[in-house]
Amino acid sequence: MLAGENDKANAIMYINSGAGGTEAQDWVEMLLRMYLRWAEREGFETQIVDMLQGEEAGIKNVTFLVRGPYAYGYLKCEVGIHRLVRVSPFDSNNRRHTSFASVYAYPEIPEDIQVDIKEEDLRIDTFRSSGPGGQHVNRTESAIRITHIPTGIVVQCQNERSQHKNKAIAMAILKSRIYELEKKKKEDKLNSLNKEKKDIAWGSQIRSYVLHPYKLIKDHRTKCEEHNAEAVLDGDIDTFIKSYLLYLTFEQKREDN
């Protein structure tokens with residue numbers, strides 16, 4: 001089930017808030033906690049490399065690394081739209097709200113794999129770090145934003161105190177994203193992209209987390225369900241990951257036949 005070309009690799013994760021405003025940003029923070037708790041249970045290392053806080057609460061988007069054997073192989077199962085239904089803690093009228101967040105996973109590419117990135121294709125900007133960090137924050141322009149002009153891919157890192165370290169991490173993420181983009185272009189030509197990954201858009205959620213009026217978390221690809229919502233949001237997502245890996249394996253065998 002974990003025989004993919006990059007399944008053994010570390011994972012680069014990106015979560016972005018969708019429709020729902022502050023609700024969606026709070027949902028991103030909940031998903032981040034869920035994945036960090038899952039990684040802790042698995043014995044993986046995690047590192048947040050970039051985070052944009054919401055104006056009132058939550059997180060607009062976050063990029064983090066998960067390092068450990070087969071981290072990408074597991075977390076590729078989480079790619080898609082995640083939908084939350086609950087009574088909003090931000091609504092004084094206690095109304096039910098629906099929020100969306102998109103989750104992306106990229107394999108971290110080993111240093112020995114060459115990816116052609118031309119210096120003239122890069123725009124590198126420095127800016128002051130934001131968020132918690134004591135006296136260092138807003139004093140030095142240590143944060144790095146790199147734009148790959150031909151593809152429009154933008155990555156940034158502001159977690160480290162050193163501009164050099166931030167640039168190294170950002171370049172590693174950029175390399176991985178360009179590698180994955182080129183790989184998917186080749187797969188497109190061979191018509192071998194997973195059907196579930198073809199349309200990552202609002203309204204095509206892979207999983208719903210319903211907390212009101214009942215509690216049920218359901219994966220729409222595999223029909224796997226779990227009623228213990230608290231445990232899932234606390235990082236117990238192995239059931240969903242394993243059921244999707246089995247589903248992918250079955251689909252691959254069916255295509256081969």
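The legends below describe close-up views of a predicted model.

**View 1. A salt bridge joins E23 and R86.** Within this pair, the closest N and O atoms are 3.2 Å apart. The two residues come from distant parts of the chain, since E23 belongs to helix α1 (residues 22-42) and R86 to strand β4 (residues 80-87), 63 residues apart. E23 has a relative accessibility of 5% and therefore counts as buried, the limit being under 20%. R86, at 9% relative accessibility, also counts as buried. The pair is one of 14 salt bridges found in a search of the whole structure.

**View 2. D234 and R37 meet through their side chains in a salt bridge.** The distance from N to O is 3.0 Å. R37 has a relative accessible area of 29% and is partly exposed.

**View 3. A salt bridge connects E55 with K60.** The closest N and O atoms of this pair are 2.6 Å apart. Are the two partners buried or exposed? E55 counts as exposed because its relative accessibility is 63%, and the limit for this class is over 50%. K60 is partly exposed, with a relative accessible area of 23%.

**View 4. Five residues belong to one network of salt bridges.** Salt bridges that share partners join R33, R37, E40, R41 and D234. The salt bridge between D234 and R37, at 3.0 Å from N to O, has both of its residues in this network.

**View 5. The largest nonpolar core of the model has 38 residues.** Within this core, the residues with the most contacts are I15, L31, Y35, V66 and Y209. Which elements give two or more residues to the core? They are β1 (11-17), α1, β3 (59-67), α2 (71-75), β5 (96-107), α5 and α6. Helix α1 gives the most, with nine residues.

**View 6. Y35 is shown with its contacts from other parts of the sequence.** When its neighbours within four places in sequence are left aside, Y35 is in contact with I15, F64, L75, E78, H82, V103 and I237. Y35 and I15 are both among the residues with the most contacts inside the largest nonpolar core.

**View 7. Y14 and Y104 form a tilted aromatic pair.** A pair of aromatic rings is described by the distance of the centres and the angle of the planes. For Y14 and Y104, the centres are 6.1 Å apart and the planes stand at 35 degrees, so the pair is tilted. Y14 is in strand β1 and Y104 is in strand β5, which places the partners 90 residues apart. Y14, at 24% relative accessibility, counts as partly exposed. Y104 is likewise partly exposed, with a relative accessibility of 26%. The count for the model comes to five aromatic pairs.

**View 8. W38 and Y74 form an edge-to-face aromatic pair.** Their rings are 6.2 Å from centre to centre, with 70 degrees between the planes. This pair also links distant parts of the chain: W38 is in helix α1 and Y74 is in helix α2, 36 residues apart. W38 has a relative accessibility of 2% and counts as buried, whereas Y74 is partly exposed at 23%. Ring pairs link both residues and F44 into a cluster.

**View 9. Two arginine residues lie over aromatic rings.** The charged end of R145 sits over the ring of F127, at 4.5 Å from the ring centre. R221 lies over the face of Y244, and here the distance to the ring centre is 3.7 Å.

**View 10. A polar contact joins the side chains of Q158 and D50.** The contact is 3.0 Å. Q158 lies in the loop between β8 (153-157) and α3 (163-189). Although Q158 is in a loop, its relative accessibility is 11% and Q158 therefore counts as buried.

Notes:
Residues numbered from 1 in each chain as written. Predicted model: local features only at pLDDT ≥ 70, side-chain atom pairs only at ≥ 80, totals over all residues. Heavy atoms only, no water. Salt bridge = Lys/Arg side-chain N within 4 Å of Asp/Glu carboxyl O. Helix = DSSP H or I, 4+ residues; strand = E, 2+ residues; numbered from the N terminus. Buried < 20%, exposed > 50% of the residue type's maximum accessible area, 1.4 Å probe, protein only. Core = buried A, V, L, I, M, F, W, Y, C linked by side-chain atoms within 4.5 Å. Contact = heavy atoms within 4.5 Å. Phe/Tyr/Trp six-rings, centres within 6.5 Å; stacked < 30°, edge-to-face > 60°. Lys NZ or Arg CZ within 6 Å of the ring centre and 35° of its normal. Polar contact = N/O pair within 3.5 Å; in protein donor to acceptor, adjacent residues only side chain to side chain.
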